[in-house]
Amino acid sequence: MTPTSQSYDLAVVGGGVCGLAHALAAARRGKRVVVVDRDAQPNGASIRNFGFVTVTGQQAGDCWRRAKRSLDVWIEIAGAAKIPIVQRGLLMIARRPEARAVLEAFLETEMSAECRFVEPRELKDYGSGLQSDEFVGALYSPHEVRVESREAIPQFAAWLGERFGVTFLCETAVRAASPPKLETSRGPVEAEAIIVCPGDDFMTLHADRLAQYGLTRCKLHMMRVRPERFEARLPAIMSDLGMIRYLGYAELPASQALRVRLEAEQRDHIDAGVHLIAVRSADGTLVVGDSHHYAATPDPFAPTRIDDLILDEYAHVFAGSRPQVVERWTGTYASAPDRLMLVDRPCERLRIVLITSGTGASTSFAIAEEVIAELYG
Ligand SMILES: Cc1cc2nc3c(=O)[nH]c(=O)nc-3n(C[C@H](O)[C@H](O)[C@H](O)COP(=O)(O)OP(=O)(O)OC[C@H]3O[C@@H](n4cnc5c(N)ncnc54)[C@H](O)[C@@H]3O)c2cc1C
């Protein structure tokens with residue numbers, strides 16, 4: 001579709017989950033919305049991620065609260081837009097006593113509501129796919145859901161068009177965004193208000209404003225593997241390394257002892273920012289990751305050494321021989337030294353919203369509701 005002479009209440013730059021969440025929140029208020037993206041179809045972090053909507057483990061406070069609200073919205077729109085929820089729940093596995101202590105400390109917090117400790121003997125209930133004999137326990141959280149992002153995000157966008165009449169201008173690069181006008185590669189677009197959700201591109205629009213946040217980018221390695229044994233009853237799986245990365249655990253004092261032990265035993269994993277998330281797809285494969293490398297312009301190379309570190313942790317958690325890797329990719333997201341997200345307000349009718357951490361699939365809906373509520377009162 002090409003720009004038209006029509007004017008909109010709101011233009012959203014960026015058709016990733018953050019932009020679409022803002023389009024939804026505004027459309028629900030009856031606003032006429034246009035979403036503009038330079039790509040032909042979603043291609044950024046939002047389709048490269050795990051599709052793992054994580055509540056348990058998010059940083060206490062705003063992030064956890066936003067994840068809980070966003071989960072509710074995901075479930076609503078999954079029903080309405082017929083987006084399959086392919087997996088539910090999380091099993092956070094403790095391989096070491098220090099990790100068990102972190103989980104026990106987590107269970108003392110308000111964030112553990114409805115979560116429970118799983119003793120080693122009960123782990124057999126999850127089937128033979130895990131190295132259950134090697135674990136000292138686990139935390140089960142019922143909150144998480146997983147969608148297949150590469151299908152869910154386009155489906156969500158299509159539904160926004162059908163249900164709310166949101167207009168999508170694809171293959172359209174935005175060169176300038178100042179209300180009431182966007183300058184695009186296909187001509188001007190008029191909108192009373194503008195929200196810029198550019199993902200990890202903080203150089204094209206309002207780079208001068210964004211410079212103050214000290215932003216950089218984070219590159220992650222991801223794989224799709226076909227496990228030897230597929231256990232359909234398994235929830236999403238994480239393990240010890242995740243407890244020093246996910247702030248809901250890592251900020252507990254109990255995580256210090258775990259960190260010391262992991263630094264001694266898994267130094268290479270920590271240096272590469274490797275931890276294990278394994279989520280299931282409908283076809284019996286698992287999406288497995290990830291790693292974290294920070295740079296203003298991350299290089300495009302994906303050394304197999306990093307994938308091997310991820311698969312090494314996988315082998316400590318999953319039973320069976322090394323899985324067949326059927327797909328590999330990398331993704332990048334914006335990162336800030338001191339915050340998980342930011343909302344910048346250059347003028348009354350303009351907002352720039354960036355998720356500056358790996359939490360956008362889990363928190364964008366709540367962030368968008370807050371931004372739209374503040375914008376429209
Ligand atoms: C590998 C990986 C794993 C992750 N795992 C998780 C997870 O398990 N759980 C979780 O919650 N989060 C996860 N995340 C983070 C999450 O995916 C991101 O926080 C989220 O997708 C960011 O969404 P976004 O819409 O801001 O960015 P994007 O999805 O990158 O979308 C930005 C869009 O803006 C467009 N754009 C930018 N500038 C312009 C312009 N000038 N003109 C036109 N279009 C423009 C781009 O084309 C792009 O489509 C992960 C991220 C990665 C990379």
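D290 is found in the loop between β14 and β15 (293-295), and the peptide bond from G289 to D290 is cis, with omega near -5 degrees. Strands, like helices, are DSSP runs numbered from the N terminus (E, at least two residues, for strands; H or I, at least four, for helices). The model is predicted, so that local features require pLDDT of at least 70 and side-chain atom pairs count only at pLDDT 80 or more, whereas totals for chains, interfaces and linings use all residues. Residues are numbered from 1 along each chain as its sequence is written, and side-chain values use heavy atoms, with hydrogens and water left out.

A cis peptide bond also joins P179 and P180, with omega of about 10 degrees. P180 lies in the loop between β8 (174-178) and β9 (181-184). Most residues other than glycine have a negative phi, and most peptide bonds are trans. K82, although not a glycine, has a positive phi of about 55 degrees. This residue is placed in the loop between α3 (62-80) and β4 (87-94). K82 is exposed, with a relative accessible area of 64%; exposed denotes over 50%, buried under 20%, and partly exposed the range in between (1.4 Å probe, protein chains only). E171 is likewise not a glycine and has a positive phi, of about 50 degrees. E171 belongs to the loop between β7 (167-169) and β8 and is exposed, at a relative accessible area of 53%.

The loop between β13 (277-280) and β14 (286-289) contains S281, and T285 is found in the loop between β13 and β14 as well. S281 is buried, with a relative accessible area of 2%, and T285 counts as buried at 0% relative accessibility. The side chain of S281 forms a polar contact of 3.1 Å with that of R146 and another of 2.8 Å with that of R224. A polar contact is a pair of N or O atoms within 3.5 Å; within protein, one must be able to donate a hydrogen and the other to accept it, and residues adjacent in sequence count only if both atoms are side-chain atoms. The side chain of T285 also makes a polar contact with the side chain of R224, at 2.8 Å. When residues up to four places away in sequence are not counted, S281 touches R146, E148, R224, F230 and V287, contact meaning heavy atoms within 4.5 Å. With neighbours within four places likewise left aside, T285 is in contact with R224, V225, R226, P227, F230, V279, R280 and V326.

Two helix pairs were examined. Helix α1 (residues 17-27) packs with helix α12 (residues 360-376) at an angle of about 40 degrees, their axes being 8 Å apart. Axes are lines fitted to C-alpha atoms, for helices over the stretch in contact, and angles run from 0 to 180 degrees between N-to-C directions. The two helices α1 and α12 are therefore oblique to each other; angles under 35 degrees count as roughly parallel, over 145 as roughly antiparallel, 65 to 115 as roughly perpendicular and the rest as oblique. Residues in contact include A21 and L24 of α1 and F365 and I372 of α12. Helix α4 (residues 97-106) and helix α9 (residues 255-265) pack at about 155 degrees, with their axes 8 Å apart, which makes α4 roughly antiparallel to α9. Their contact is made by P97, E98, A99 and V102 of α4 and S255, A257, L258 and R261 of α9.
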